[in-house]
Amino acid sequence: IPVIVKALHKQLKEKSLKSRQGCFCLLTELAHTVPGSLEEHIPALLPGIVFCLTDKSTSSTMRIDALSFFHVLLISHPPQAFQPHMQVVQIPFNAMLLPAVLTCIDDTFYKITSEALLVTQQLVKVMRPQGQTATSGGFDPKPFIKEVFSVTMKRLKATDIDQEVKESAISCMGHMVCHLGDHLRTELPGVLVIFLDRLKNEITRLTAVKTLTLISASPLKIDLTSILPEALSVLGSFLRKNQRALKLSTLACLMVLVTHHAASIKPAALEPVLSEIPPLVDESDMHVSQVSITLLTCMAKACPSSLAKISSSVLPGVFKLIHSPLLQGGALLAILDFLQALVTSKATNLGYSQLLKSLMEPFQSSKTSADVLHRQSYHSVARCVAALSSASPKETPGTVTNLIQQVKTSSSPESARVLALLCLGEVGRNGSLGGSKEVQGVILEAFSSTYEEIKTAASCALGGMAVGSLNEFLPFILKEISAQPRRQYLLLHSLKEVISACPASSLSPHVESIWALLFQHCESQEEGTRNLVAECLGKLTLVNPAQLLPRLKQQLKTGSPLARSTVVTAVKFTIVDHPAPIDSLLKDSIGEFLKTLQDSDINVRRVALVMFNSAAHNKPSLVQGLLGTVLPHLYKETQIRKDLIREVEMGPFKHTVDDGLDVRKAAFECMYTLLDSCLEGLDVLQFLDHVEEGLKDHYDIRMLTFLMLARLVSLCPAAVLQRLDRLVEPLKATCTTKVKAGSVKQEFEKQEELRRSAMRAVAALLAVPEVERSPSMAEFANQIRSNADMASIYKSVQGGEGGGMGPTEGMDIS
């Protein structure tokens, strides 16, 4: 970079406009691509910028390029990088740099004016970065403020200018007020009036909202009293506009206003805002709902009296959202914060008990069925109950007692008992059960219920309680896993929750006892139990990978096929899709685990493929160097079938069983993953040989290979064209096959979906320009065109994956 910059900054003063223009293009890309890389070269570059802005022979395009580069330079480096250079001998800030930029603001060409305003906006941040006092950065901005303000104000006042200039002027002045507002006390009222006017203008309102947000959050605590009531009314009206970006920006602005200027806001001024929030709290747009509820939380904390009337307006929508199956993630967290703020503020007549009743009431009626209340809503309500309990610790013991009683009452609706168990788990997760000894007995009794949902809820509850009180509940779980074989599966779910949710520091003292217990059950005949044991082992290994990963590897040599399959499955759960301490250890040892692809047991090979697929998907770097070793075994598994197909008698009927199907499916799934993560390590023609075989396989595998083929067409069309004649035949066979008369409805549906998937692959092939050279493809295209049924399917799949063939590209079959 130093060599490049040294060569370029000399050419910025050359007579050749093209040469200068090329320099700016290159420098702009450099600043974009490597932010901060030009910091030490700023003194060398600034003179060239000034020269291009002030040289009379410079064209408008050149000025725009110079300003554009300066803008990128300013935003790609911290403000502090420029301050030491503002008063250097080579380029005094007040004598050359600032006047050159301000002159451009007065230019008659709107593009130059707009770019100059954007540069000035960034220079204001350099003159005094956020939170910096007048001289703490070694640079006093005061001598330059008047000149910058007057030039910017001239553009801000103008109404007969280009839209781009209007927006740039609003934004630039907003940054001036935000960073230098304490120097503009006499000018401020006039500026705020203009901002209010721009807020009311449909063309400039979005920019004005963002600028008001910036000013409101300024550490200079700008006094907005003069415009606040009217601004709140205007902002409230924006919430009903059918413009999502405006709604979100307005909500963000309101949050900042309420948080930083609560003392200046009267409750009545927020009524126009509150009246518009109920329609925004809706599952149709979870992000808008989340931001709206976060605004309500800000109001509950900063202006609690403003929420006195929300029980009949906003709250019904909030409770409806809580009971929605779509609620999760950020929106759920926002609701938890809101409920806690609400019960803490005591701003409304809705206290702890009323909120609790509103949350749980829909689950108390025997008429309520699982069709009405989605499983997700049980977990959402449980977390809300725990959040309320956490905010009102005095109420917790009574709540726990009521929940226990609800679980024990056999006449209670199943929905109420399930919810009560989940609530106990979430309250316990916060460590708020108050040492209730009755809980363990209640959980064990629930494990014996005839209702599967109650047993599952009890398992979740026990896991949550153990997370909150590890020393009390974990030994109980471990003891019960050994003592209660019939409850083992449910108890392992509880243990999985503990391992997943507890920090490593808390789990460390218990690792050995958990490890030993899990290996006692790694050879269970039940695959579901083995999978749970494997997940627990994998997640436990993450607690101390240096110690536990080698022990996991050692188990490959000593175990039975069932134990080996459990160990290999456990490795899958150590591979996470984010950087983790185990990564370097895995890279060194994953080859040992992948040797199980050669295992004599077909089930061990299947789980090894699943583990490899997980690694290729989440951490491709783990397996890229092993492809040469792995691929022969992977391809071998795509062909395993002949000796594994058998017929089973089921009464008077014979049913064909394909014992190799699961292994083949796992192998083809790996192939699909490798297309995205390790394409450069594949011999595509060899890969296509196995795709071709997959096109003739079982329904599930054909569906996958159709997708694979469409993907290959976009990634390596030349290779696909080499194999085209061999690929066309299985596609044609699928598209033309019809189900036998008298077949069940499911057979018709499966065949129809196969034909559609095959046709998507055909559409992807037909989009390749060279495809018309293939006689077999041309013949097939004619067949599709002449067959009304196939032509209809083709038309319906166009525009899907790989099927965007327009009238002038590929082979026209219309």
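I take a helix axis to be a line fitted to C-alpha atoms over the stretch in contact, with angles running from 0 to 180 degrees between N-to-C directions. The model I am reading is predicted.

**Entry 1: a helix pair**

I looked up how helix α26 (residues 511-520) packs with helix α28 (residues 545-558). The angle is about 15°, and the axes are 13 Å apart. Angles under 35 degrees count as roughly parallel, and α26 and α28 are therefore roughly parallel to each other. I noted the crossing of α26 past α28 as right-handed.

Next I listed the residues that meet. From α26 I have Val 511, Glu 512, Trp 515 and Phe 519. Facing them from α28 are Gln 547, Leu 548, Arg 551, Leu 552 and Gln 555. I sorted the residues of this contact by kind: five are nonpolar, two polar and two charged.

**Entry 2: cysteines**

How many disulfides does the structure hold? I found zero. A disulfide is a covalent bond between the sulfur atoms of two cysteines. For the count, the two sulfur atoms have to be within 2.5 Å.

I checked Cys 23 against that cut-off. The closest cysteine sulfur to its own is in Cys 52, at 8.7 Å, so the pair is too far apart for a bond. Cys 23 is buried, with a relative accessible area of 3%.

**Entry 3: Thr 152**

I went to helix α7 (residues 142-157), where Thr 152 lies. Is Thr 152 buried or exposed? It counts as buried, because its relative accessibility is 0% and the limit for buried is under 20%.

I wanted to know what Thr 152 touches beyond its neighbours within four places in sequence. The contacts I wrote down for Thr 152 are Leu 117, Thr 120, Ala 169, Cys 172, Met 173 and Met 176.

**Entry 4: Lys 221**

I looked at the backbone of Lys 221. Its phi is positive, about 50°, although Lys 221 is not a glycine. Where does Lys 221 sit? I placed Lys 221 in the loop between α10 (205-216) and α11 (228-238). With a relative accessible area of 69%, Lys 221 is exposed, the limit for exposed being over 50%.

Definitions and conventions:
Residues numbered from 1 in each chain as written. Predicted model: local features only at pLDDT ≥ 70, side-chain atom pairs only at ≥ 80, totals over all residues. Heavy atoms only, no water. Helix = DSSP H or I, 4+ residues; strand = E, 2+ residues; numbered from the N terminus. Buried < 20%, exposed > 50% of the residue type's maximum accessible area, 1.4 Å probe, protein only. Parallel < 35°, antiparallel > 145°, perpendicular 65-115°, else oblique. Left-handed = near helix turned anticlockwise from the far one by under 90°. Contact = heavy atoms within 4.5 Å. Nonpolar A, V, L, I, M, F, W, Y, C, P; charged D, E, K, R; others polar.
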